[in-house]
Amino acid sequence: MTARAGEDFDAVRAVADVDALLAGPVPEAGPTVAVGDPATGEWTTTRGAGFRLVPLWEGEALTGVYAPEWNQAVEAAEAHLATLVRELDGRWGAHRKVAMHVPLFRKQRGAALPPLFDALLAEDCYGDLTVWGPVAVEGAGAVQRWVAVSAGHSEGDAPVVMAAAVSDQPIVELPDQDGPD
């Protein structure tokens, strides 16, 4: 899973992680590379042409968990995301949503995806994106980026993973068809 497994959600740390992601470098080109913790192999970051992606938090595995505990775990993850979104809305204004069902269906059909969406799905980040941008990068002159956060899981028993992405290109809804991206 992720290097955030077993950590309690901390909104202050999550905001600091988003700030660090926004302030850090974004590769202009190159392949998409997912990096794991050297000791455990758990996912720590992904970088690709024009974006970076990191886990912010990982909930407990939901294996053998049934309603109402399963619902409570998912609701807690959604509440953590809502807390983070409120903080980021306060900084950058109102967010917009970008659905992940279209990239998922396109991937299932074998269609090509933009690298950011492909990387999100590769790390089981299936939750819809909450997006801001363009956002000015402090101390970087005219550099602007787009920021996205999400929380979701790939299947009923998998833990909910909250992730953040930064891109040097707009993060927009994909059309519900195959074709140029």
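Modeller: Angles between elements run from 0 to 180 degrees between N-to-C directions, with axes fitted to C-alpha atoms. The model is predicted.

Colleague: Which strands does α1 lie across, and at what angle does it run to β3?

Modeller: α1 lies across β3, β5, β6 and β7, and its angle to β3 is about 170 degrees. α2 also packs on the sheet; it touches β3, β5, β6 and β7, and its direction makes about 165 degrees with that of β6.

Colleague: What is the strand order in the sheet?

Modeller: The sheet is open and has 7 strands, in the order β1-β2-β3-β7-β6-β5-β4, with antiparallel pairing. β1 (33–36) and β4 (96–98) are the edge strands, each pairing on one side only. On average, neighbouring strands are turned by 25 degrees against each other, direction ignored.

Colleague: Over how many bridges do β3 and β7 pair?

Modeller: That antiparallel pair has 7 bridges. In β7, Val-161 is the residue opposite Glu-58.

Colleague: How do I read the nonpolar residues between such elements?

Modeller: In soluble globular proteins, nonpolar side chains tend to be buried together. Here the largest nonpolar core has 25 residues, and those touching the most other members are Val-18, Leu-56, Leu-84, Trp-132, Val-149, Met-162 and Ala-164. Two or more residues each come from α1 (11–23), β3 (51–58), α2 (69–92), β5 (129–136), β6 (144–152) and β7 (161–167).

Colleague: Which residues is Val-18 in contact with, leaving aside neighbours within four places in sequence?

Modeller: Val-18 is in contact with Leu-56, Leu-88, Trp-92, Val-147, Val-149 and Ala-164. Another core lies apart from the largest one; it has 22 residues, including Phe-51, Leu-53, Leu-120 and Ala-165.

Colleague: How do I read burial along a helix?

Modeller: An α-helix has 3.6 residues a turn, so residues three or four places apart point the same way. In helix α3 (residues 101–108), the buried residues are Val-102, Pro-103 and Arg-106. Seen down the axis of α3, they fall within an arc of 95 degrees, so they line one face of the helix. That buried set packs against α4 (115–122).

Colleague: Why does the radius of gyration of the chain agree with a compact globule?

Modeller: For 181 residues, a compact globule would have a radius of gyration near 16 Å, and the chain has 16 Å, so the two agree. The C-alpha trace spans about 50 × 40 × 35 Å along its principal axes. Of the 181 residues, 42% count as buried.

Technical notes:
Residues are numbered from 1 along each chain as its sequence is written. This is a predicted model: local features need pLDDT of at least 70, side-chain atom pairs count only at pLDDT 80 or more; totals for chains, interfaces and linings use all residues. Side-chain values use heavy atoms; hydrogens and water are left out. Buried means under 20% relative accessible area, exposed over 50%, partly exposed in between (1.4 Å probe, protein chains only). Helices (H or I, at least four residues) and strands (E, at least two) are DSSP runs, numbered from the N terminus. The arc is that of the directions from the helix axis to the C-beta atoms. Contact means heavy atoms within 4.5 Å. A nonpolar core is a set of buried Ala, Val, Leu, Ile, Met, Phe, Trp, Tyr and Cys residues joined through side-chain atoms within 4.5 Å. Two strands pair if DSSP finds at least two bridges between them. The radius of gyration is taken over C-alpha atoms; the globule rule is 2.2 Å times the number of residues to the power 0.38.
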